[in-house]
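Trainee: Could we go through this structure together? I would like to begin with the overall picture and then turn to individual residues.

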Amino acid sequence: MSATTVYLETFGCQMNELDSELVRGQLSTLGYTFSDNPDAAQIVLFNTCSVREHAESKVYSRIGIVSRRKLAGENILLGVLGCMAERDGLALLQRYPQVDIMCGPGELDKLPALIDAARRSDTATAADRTALAGNRTRRSAALSAVQDDLENLDLSRAFDPVVAGRNSFAAQVRITRGCNKFCTYCVVPNTRGAEVHRPPDHIIDECRKLADAGALEITLLGQTVNHYRYEHGAAVTISGREAPQIGPGLAAFRTGIPVGKRVTTFAQLLRRIHDEVPAIARLRFVTSYPRDFGRDILETMRDCPRICRYLHAPAQSGSDRILKLMNRGYTRGEYEAFAAEALEILPDATIAGDFIVGFPTETDEDFEASCDMVRKLPFKNNFIFKYSPRPGTVAIDRFKDDISNEVKKFRNNVLLNLQTQTSARVHATWIGRTVDVLIEEVCTQRDAQPAIGGVELRWETKAAKMQPAPTTLRGRTGGDLIVSMDTPQGANPSDFVGQIMPVLLQRGSALLLHGAFTTGLVVPQSRSISAAQL
Ligand code: 5AD
Ligand code: SF4
């Protein structure tokens with residue numbers, strides 16, 4: 001009998017991409033094969049995101065397409081994984097009875113059992129085909145057992161990049177799950193549950209295995225990654241192993257480390273990974289919460305050359321009034337103080353973030369405060385989102401969505417344009433400097449310059465477009481600046497992919513820097529090749 005083929009599509013954030021990688025590895029070891037073509041698959045899985053309505057609409061339309069195929073008689077098993085499954089619960093099954101499986105992001109270790117149940121019997125009840133955290137209390141005693149099962153999913157991940165379905169030199173490692181922040185607009189604390197920290201030894205072990213499997217760059221993931229904190233001796237399982245642990249709450253960041261307790265802070269975790277896994281050429285982390293970002297973290301970044309000087313720390317708004325309604329817990333002044341301290345300790349750091357426009361009651365003056373911030377702070381880039389009321393959040397209950405879509409769209413475009421100018425200014429400061437670039441892909445010059453708002457920023461004439469495009473390489477600096485380079489004459493472009501090489505930055509636009517390989521430089525990373533070897 002031929003193997004069952006699975007199509008798995010991921011929506012939303014990096015956390016979902018990692019979940020999909022784990023699902024892929026787990027199902028591959030059970031004999032399932034994967035295809036990029038949904039028409040060739042007997043099992044179609046959508047790993048979904050609920051953060052904005054737009055992301056959900058895309059998934060509904062995909063579910064609709066597969067549902068129609070099922071109604072036309074095709075034998076497909078359709079599964080909805082992730083935050084939409086968790087948030088919509090059985091309502092989604094009622095709306096789309098063609099959905100066979102629902103699995104929340106905290107229950108993915110149960111997916112093989114759900115698939116088995118659904119395939120074995122047409123009469124499997126909805127309960128047999130769904131695994132959702134539901135209303136489990138955020139701090140229930142059962143949590144540790146549940147988290148232990150989930151921990152096993154991370155621990156048993158496939159370290160073979162082909163099986164895992166990722167490129168071999170960039171990998172992600174979760175350090176915390178869930179979120180305790182309850183920003184009023186955000187659905188994540190409901191769908192992913194309470195903040196839970198993984199034991200440092202598990203994290204380091206995973207980093208080491210990924211490095212052994214060829215990963216050059218590891219990104220540590222957490223919704224508020226800088227809040228990582230593990231108290232040793234507090235949660236040990238029967239087998240004597242350290243277990244995942246519920247986050248300590250805010251007070252821990254105010255009072256420091258209690259006497260007599262052994263704690264691993266985020267800064268200490270970074271240093272341990274940096275020192276204990278030297279084969280990792282680049283260590284990154286996302287997403288940082290702008291408050292409680294200790295000086296110890298910045299100093300560790302300064303002292304450890306392989307930790308990337310890149311901070312993704314969403315500001316969300318420049319208006320203190322709106323920040324308060326969002327329950328962000330900091331003011332614009334506090335955000336600016338955080339950015340100033342970061343740049344004082346790490347002058348080369350790049351700062352990026354997210355903004356939401358059109359939050360309920362946002363006035364022109366509030367919006368102008370966000371614009372002012374984007375004008376004044378050296379943000380490398382910002383993702384800008386229109387406020388989207390999400391069921392289950394505080395904001396949807398407490399505030400009327402009173403900013404029209406036209407105004408949201410207008411503000412989104414204005415802020416995007418300002419960000420484009422700021423990005424160009426930030427890029428200009430890098431021209432003339434030599435930076436290490438991790439080369440990620442070969443692309444043609446035609447697509448080397450990404451489009452802004454559908455308009456391609458290119459210098460080519462129509463006649464030039466008819467010529468075969470020369471090959472260009474594209475990669476990223478430690479600070480996440482995107483750089484393109486021409487392949488040196490006579491060299492094979494694909495030989496460069498996966499190498500870290502010194503590049504002299506020569507020109508730039510808002511989205512991209514362009515540079516040339518330099519010669520004669522000594523490159524510190526163990527896996528780098530010197531340009532002299534070209
Ligand atoms: N509406 C718009 N944007 C949102 N985000 C989170 N929730 C919402 C929402 N309801 C944005 C925030 C967050 C990013 C991941 O998504 O900017 O940082
Ligand atoms: Fe959502 Fe706020 Fe938690 Fe980020 S910090 S995941 S925006 S609740």
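**Overview of the chain**

Mentor: The protein chain holds 19 helices and 22 strands. Please keep in mind that this is a predicted model.

Trainee: What share of the 534 residues of the protein chain count as buried?

Mentor: Of the 534 residues, 54% count as buried. As for contacts with a separation of 6 or more, 76% of those in the protein chain are between residues 24 or more positions apart.

Trainee: Which residues touch the most other members of the largest nonpolar core?

Mentor: They are Leu220, Ile273, Phe285 and Tyr335, in a core of 64 residues. At least three residues of this core come from each of domain 2 (137-308) and domain 3 (325-426). Another core, of 28 residues, lies apart from it, and Cys103, Leu111, Leu114 and Leu150 are among its residues.

Trainee: And what does Tyr335 touch, not counting residues up to four places away in sequence?

Mentor: With those set aside, Tyr335 touches Pro290, Ala313, Pro314, Ala315, Tyr330, Ile351, Ala352, Met373, Leu377 and Phe379.

Trainee: Met373 brings me to helix 16. Which of the residues in helix 16 are buried?

Mentor: Asp366, Phe367, Ala369, Ser370, Cys371, Asp372, Met373 and Val374 are buried in helix 16. Their cover includes helix 14 (320-325), helix 15 (332-345), strand 16 (350-357), strand 17 (379-386) and helix 18 (405-428).

Trainee: How far apart are the end C-alpha atoms of helix 16?

Mentor: They are 18 Å apart. Helix 16 covers residues 364-376, so at 1.5 Å a residue its 13 residues should span 18 Å, and the two values agree.

Trainee: Let me change topic. Where is the place of His202?

Mentor: His202 is in helix 10 (residues 200-212).

Trainee: Is His202 buried or exposed?

Mentor: His202 has a relative accessible area of 9%, so it is buried, the cut-off being under 20%. Leaving out residues up to four places away in sequence, His202 touches Glu151, Leu155, Arg241 and Glu242. The buried residues of helix 10 are Pro200, His202, Ile203, Ile204, Glu206, Cys207, Leu210 and Ala211.

Trainee: What span should the 13 residues of helix 10 have, at 1.5 Å a residue?

Mentor: They should span 18 Å, and the end C-alpha atoms of helix 10 are 18 Å apart, which agrees. Just after helix 10, Gly214 takes a positive phi of about 110°.

Trainee: Which residues other than glycine should I look at for phi?

Mentor: Asp292 has a positive phi, near 60°, and Thr361 has a positive phi near 70°. Asp292 is in the loop between strand 14 and helix 13, whereas Thr361 is found in the loop between strand 16 and helix 16. Asp292 counts as buried because its relative accessibility is 18%. Thr361, at 30% relative accessibility, counts as partly exposed.

Trainee: Which residues does a cis peptide bond join?

Mentor: It joins Val286 and Thr287, with omega at about -5°. Thr287 is in the loop between strand 14 (282-286) and helix 13 (295-303).

Trainee: On to the loop between strand 8 and helix 9. How far apart in space are Thr184 and Thr393?

Mentor: Their C-alpha atoms are 6.0 Å apart, although 209 residues separate Thr184 and Thr393 in sequence. Thr184 is in the loop between strand 8 (176-177) and helix 9 (188-191), and at 4% relative accessibility Thr184 counts as buried. Not counting residues up to four places away in sequence, Thr184 touches Leu325, Met326, Asn327, Phe359, Thr393, Val394, Ala395 and Phe399.

Trainee: And Thr487, where does it lie?

Mentor: Thr487 lies in the loop between strand 20 (482-486) and strand 21 (500-508). Its relative accessibility is 14%, so Thr487 counts as buried. Beyond its neighbours within four places in sequence, Thr487 is in contact with Thr471, Leu473, Asn492, Pro493 and Phe496. Thr487 and Arg474 are 9.9 Å apart in space, C-alpha to C-alpha, and 13 residues apart in sequence.

Trainee: One last topic, the ligand. Which residues surround ligand 2?

Mentor: Ligand 2 is surrounded by Cys179, Lys181, Phe182, Cys183, Tyr185, Cys186, Val188, Pro189, Gln223, Thr224, Tyr289 and Arg328. By class, eight residues of this shell around ligand 2 are nonpolar, two are polar and two are charged.

Notes. Residues are numbered from 1 along each chain as its sequence is written. Chains are lettered from A and ligands numbered from 1 in the order in which they are written. This is a predicted model: local features need pLDDT of at least 70, side-chain atom pairs count only at pLDDT 80 or more; totals for chains, interfaces and linings use all residues. Side-chain values use heavy atoms; hydrogens and water are left out. A residue is near a molecule or strand if one of its heavy atoms lies within 4 Å of it. Ala, Val, Leu, Ile, Met, Phe, Trp, Tyr, Cys and Pro count as nonpolar, Asp, Glu, Lys and Arg as charged, and the others, Gly among them, as polar. A nonpolar core is a set of buried Ala, Val, Leu, Ile, Met, Phe, Trp, Tyr and Cys residues joined through side-chain atoms within 4.5 Å. Buried means under 20% relative accessible area, exposed over 50%, partly exposed in between (1.4 Å probe, protein chains only). Domain bounds come from an automatic or database domain assignment. Contact means heavy atoms within 4.5 Å. Helices (H or I, at least four residues) and strands (E, at least two) are DSSP runs, numbered from the N terminus. The expected span of a helix is 1.5 Å times one less than its number of residues.
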